[in-house]
Amino acid sequence: CPGEQRSDVGDVTLLEAARRDQDPVLREFLRLLALCHTVMVEDRGDQLVYQAASPDEEALVLAARSLGYVFLARTQDTITIRELGRTRTYKVLAMLDFNSDRKRMSVLVRDPQGTIRLYTKGADTVILERLRGRGPHETLTQRALDRFAEETLRTLCVASREVGEAEFRAWSRRHREAAVLLQDRAQELDRLYEEMEQNLQLLGATAIEDKLQEGVPETIQLLKLGNIKVWVLTGDKQETAMNIGYACRLLTDDMEILEEKEVRSHQHSQCPQLMSNPPSSHSEILQAYWDSNNNLSGSGDAPCSHHLSQQRPEAPCHKRAIIISGDFLDKILHTGEVLKEKKGWLWPWWCCDGAEASQDQGGLLEKAFVDLATSCQAVICCRVTPKQKALVVQLVKKHKKAITLAIGDGANDVNMIKTAHIGVGISGLEGLQAVQCSDYALAQFSFLQRLLLVHGRWNYLRVCKFLRYFFYKTFAGLLAQVWFAFHSGFTAQPLYEGWFIALYNIFYTAYPVLSVGLLEQDVSAKKSLEFPELYVVGQQEELFNYRVFGVTLLHGVGTSLVSFYIALWAFEDHVGTKAVGDYESFSVTVALSALLSVLVEIVLDTQYWTVLSFLMVTASLLLFCLFSFLTQSADAFRIAPAIFRFPDASWNALTDPYVLLVVLLSLVVSTLPSLSVRALRAILGRATAQQRIHLKARRDPEPPVELRSHVPRGSFRRRSSYAFSHQEGFAGLITRGDSLRARAT
């Protein structure tokens with residue numbers, strides 16, 4: 001019959017105990033897994049297909065099915081399960097929905113015997129504090145949670161209690177009233193949920209393996225070598241997050257790990273003068289850190305460490321990682337908001353140049369936290385809510401001149417993805433919510449290597465070259481009209497033919513620059529991944545900045561001066577055997593000199609040649625010849641003399657060898673500076689940035705990575721992650737019947 005398919009159960013003892021059905025706690029535990037969820041089921045005749053809001057939900061329902069408790073069907077107010085072959089239908093009295101603040105969900109059901117029971121599952125931090133009492137069973141469960149976390153498993157606790165009939169009637173009446181409120185409905189419902197979810201009996205804990213995708217450690221290592229700061233924002237337990245951090249090379253054994261309670265001691269060790277007045281709160285800790293890094297302690301000593309914004313990424317003070325929880329982060333953000341409204345609270349702050357800052361005190365506290373975090377090689381924020389993930393990204397965007405990228409695979413990552421400059425969604429078991437809200441969609445995390453280190457760096461190179469040569473060709477080709485104005489008495493007479501001006505940026509020079517912007521590569525994709533340090537060039541804006549723009553401007557002005565004044569010097573003596581010295585011939589000579597100079601400059605700086613690149617340059621010359629013939633023909637002049645005013649100008653000028661020599665001279669003089677710079681670099685042996693990085697990148701191969709458990713530190717606190725792989729709102733859909741399939745009558 002459907003639903004009897006069983007997956008492999010590794011623990012035979014557990015399977016036998018479930019089949020004997022002699023342990024009431026185990027019976028309630030498995031019954032809870034089959035009842036307390038928002039999974040939808042579809043009966044396809046020979047099998048049951050589960051559709052869950054998260055893979056964790058589905059995994060727990062499948063685990064219950066493999067142990068004999070099969071979820072069969074659900075309606076708007078009932079759930080049907082098969083318990084060891086016996087079909088039972090439970091009436092759903094209420095579903096206490098999950099949200100990121102509650103960190104749990106519950107279901108209130110009436111069993112076939114008429115008993116009302118509440119089943120609850122969620123983060124261990126919220127379940128354990130709502131228990132009726134502590135005993136040996138709870139202590140054993142806590143030790144199991146610690147062991148699960150050390151093995152990088154995602155955990156949650158499950159509990160239940162029996163609800164009296166009178167208690168339920170009173171609670172249900174208030175619940176109905178709260179459900180129809182027009183104001184503060186959510187707060188009132190949360191208060192009622194909190195009232196019901198008390199005096200629970202712990203049934204046990206679950207652990208779900210969340211495997212790393214292939215290539216995750218290697219990808220993070222490459223991103224770190226490319227000077228990309230990697231922050232992990234997760235809902236996992238602290239131990240789980242740390243062990244995964246070690247496994248994916250985000251954390252290393254030689255790093256100094258700063259936890260919440262160690263931040264204060266770290267500040268004391270870095271700045272002994274703070275020992276006389278130790279900080280006692282989060283704001284004071286960060287204030288001490290800020291003051292120590294800006295030498296505001298009141299003494300004449302040197303600052304404790306260099307200012308973070310002045311540190312070179314290539315030479316950090318030392319390897320350091322910081323690990324904080326969502327509660328710690330919430331206190332920091334809350335303190336900052338309070339300080340913005342609190343009057344009379346003064347935090348002295350000076351900019352790097354000594355001038356007073358105009359920021360508010362709350363913003364300074366946030367900036368101090370961001371500076372402390374960005375000085376670390378790795379940051380792990382565990383047990384954070386979706387809102388906190390977005391706030392962390394917003395803080396970095398606000399206080400750091402950096403481009404942020406957020407990558408996630410679930411609905412709980414949507415806020416973070418939408419807040420970052422660049423959002424990347426991974427299509428996987430978590431659903432497509434992250435993909436639908438992202439800028440880029442990837443199938444695996446490892447594809448981030450090519451997205452950033454290959455295509456991202458190539459696109460930066462192409463855009464910079466495109467902008468540089470677009471400005472250069474504009475200055476080089478059209479500034480000659482300015483120089484011509486000085487010799488024409490500023491009569492507004494144009495130097496070039498009107499058709500040349502119209503077609504210069506459309507056909508004559510657009511295609512070569514466009515090919516560079518689309519196809520240019522400095523190194524291959526393989527070399528880009530082999531030497532991720534090449535990515536630093538883009539972070540430091542070396543390829544396009546004010547200096548590069550100034551050099552491009554001077555280069556374009558110089559090319560236009562050479563093209564104009566060499567032709568002017570030659571035409572003063574009526575150059576050529578045909579006594580060519582008229583205005584039209586002079587215009588054609590300057591135009592061709594400027595055009596060839598621009599094309600040759602692009603040819604010299606193109607590093608990646610393809611057939612299309614060659615065709616683009618060739619097409620530009622052919623189009624110049626074609627349109628010159630069409631717009632300067634005698635027939636066109638007879639038809640519209642006011643529009644086609646240069647009859648046979650190119651033919652008369654360019655058939656004279658002396659004019660061609662003038663064009664060649666202008667081309668050589670214009671190209672000589674670029675050739676000289678390249679020759680001097682080759683002769684003097686000046687290594688380029690890429691060559692230096694290539695030499696630096698030759699190091700010993702990295703050791704193989706394996707998912708291993710590190711010895712847990714005493715300051716770790718247990719954190720559960722299951723709640724944050726779930727979504728809010730599915731309970732309401734089920735109780736309203738919106739998500740149920742219409743049944744045939």
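Reader: What makes residues 611-630 a helix span, and how far apart do the end C-alpha atoms lie?

Author: In this predicted model, the span 611-630 is 100% helix and 0% strand. Its end C-alpha atoms lie 28 Å apart. A helix here is a DSSP run of at least four residues.

Reader: Where does the name "transmembrane region" come from?

Author: The name comes from UniProt, in an unreviewed entry, which places the feature at several spans, including 583-604 and 611-630. Such annotations may be inferred rather than shown by experiment. For residues 583-604, the model gives 100% helix and 0% strand, with the end C-alpha atoms 32 Å apart.

Reader: What makes a space in the protein count as a cavity?

Author: A cavity is a set of points where a 1.4 Å probe fits but cannot get out. By this rule there are 5 cavities of 30 Å³ or more.

Reader: Which residues and elements line the largest cavity?

Author: The lining has 16 residues, and the closest to the centre are E497, F500, F624, S628 and Q632. The elements α19 (498-508), α24 (583-605) and α25 (611-631) each give two or more residues to the lining.

Reader: How many residues of each class are in that lining?

Author: There are 10 nonpolar, 5 polar and 1 charged. Phe counts as nonpolar and Glu as charged, so F500 and F624 are nonpolar and E497 is charged.

Reader: What share of the protein is called buried?

Author: Of the 745 residues, 49% are buried, which means that their relative accessible area is under 20%.

Notes. Residues are numbered from 1 along each chain as its sequence is written. This is a predicted model: local features need pLDDT of at least 70, side-chain atom pairs count only at pLDDT 80 or more; totals for chains, interfaces and linings use all residues. Side-chain values use heavy atoms; hydrogens and water are left out. Buried means under 20% relative accessible area, exposed over 50%, partly exposed in between (1.4 Å probe, protein chains only). On a 1 Å grid over the protein atoms alone, a cavity is a set of points where a 1.4 Å probe fits but cannot get out, and a pocket is an open set with protein on both sides within 12 Å along at least five of seven lines; lining residues have an atom within 4 Å of a point. Grid points are joined across faces, edges and corners, and a volume is the space filled by probe spheres set on the points.
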